[in-house]
Amino acid sequence: MREQPEGAALLAVAREVLLRELLPGLPEDKAYAARMIANAMGIAERQLREGVGPQEVEHLALVALLQREGGLAELNRELAVRIRQGRFDGSDEAWSLLWSATVQRVRESAPKALTAS
């Protein structure tokens, strides 16, 4: 059993301390860097909470679409090549995969953007 709190919760607490207690006391030229660090911590926290599930879903969708096995990065590169070649023009399956991947990335990097739309 891991120590409590787990990694995602630790990142959340550390991020909160950075934003609420440390950032207000930083000189203006360091505030931007501190906000960037806080944003990175938020992304890492959300990725930890999500686990590998989203990557597994994307991988399975790519295998089905491309009809071949491979690693996630490799399959994404091949998808990009095929898209540039026009091989998925008008493909609802490719559009759905790209939309799902985009929503997942926004969910991790800027979740407030999803609630605003």
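Biologist: Where is Gly90 found, and why is Gly90 called exposed?

Modeller: Gly90 is found in the loop between α4 and α5. Buried means under 20% relative accessible area, exposed means over 50%, and partly exposed lies in between, with a 1.4 Å probe and protein chains only. Gly90 has 79% relative accessibility and therefore counts as exposed. Gly90 and Arg35 are 55 residues apart in sequence, and their C-alpha atoms are 41 Å apart in space.

Biologist: What kind of model is this, and how are its residues numbered?

Modeller: This is a predicted model, in which local features need pLDDT of at least 70 and side-chain atom pairs count only at pLDDT 80 or more, while totals for chains, interfaces and linings use all residues. Residues are numbered from 1 along each chain as its sequence is written, and side-chain values use heavy atoms, with hydrogens and water left out.

Biologist: What makes up the secondary structure of the chain?

Modeller: The chain has six helices and zero strands, in the order α-α-α-α-α-α from the N terminus. Helices (H or I, at least four residues) and strands (E, at least two) are DSSP runs, numbered from the N terminus.

Biologist: How does the radius of gyration of the chain stand against that of a compact globule?

Modeller: The rule for a globule is 2.2 Å times the number of residues to the power 0.38, and the radius is taken over C-alpha atoms. For 117 residues a compact globule would come near 13 Å, but the chain has 19 Å. The C-alpha trace spans about 55 × 40 × 25 Å along its principal axes. Buried residues make up 23% of the 117 residues.

Biologist: What makes a group of residues a nonpolar core, and which residues form the largest one?

Modeller: A nonpolar core is a set of buried Ala, Val, Leu, Ile, Met, Phe, Trp, Tyr and Cys residues joined through side-chain atoms within 4.5 Å. The largest has nine residues, namely Leu62, Val63, Leu65, Leu66, Leu75, Leu79, Phe88, Ala94 and Leu97. Two or more residues of this core come from each of α3 (53–66), α4 (72–84) and α5 (92–109). Helix α3 gives the largest share, four residues. Another core, of six residues, lies apart from it and has Leu18, Leu23, Ala34 and Met41 among its members.

Biologist: Which residues does Leu97 touch?

Modeller: Contact means heavy atoms within 4.5 Å. Not counting residues up to four places away in sequence, Leu97 touches Ala61, Leu62, Leu65 and Leu79.

Biologist: Why is Leu98 called partly exposed?

Modeller: Leu98 lies in helix α5. Its relative accessibility is 37%, so Leu98 counts as partly exposed. Leaving out residues up to four places away in sequence, Leu98 touches Leu79 and Ile83. Leu98 and Ile37 are 61 residues apart in sequence, with 28 Å between their C-alpha atoms.

Biologist: How do you know that Arg107 is partly exposed, and what does Arg107 contact?

Modeller: Arg107, in helix α5, has a relative accessible area of 38% and is therefore partly exposed. Apart from neighbours within four places in sequence, Arg107 is in contact with Arg46, Glu50 and Leu114. Arg107 and Glu50 are 57 residues apart in sequence and 10.0 Å apart in space, C-alpha to C-alpha.
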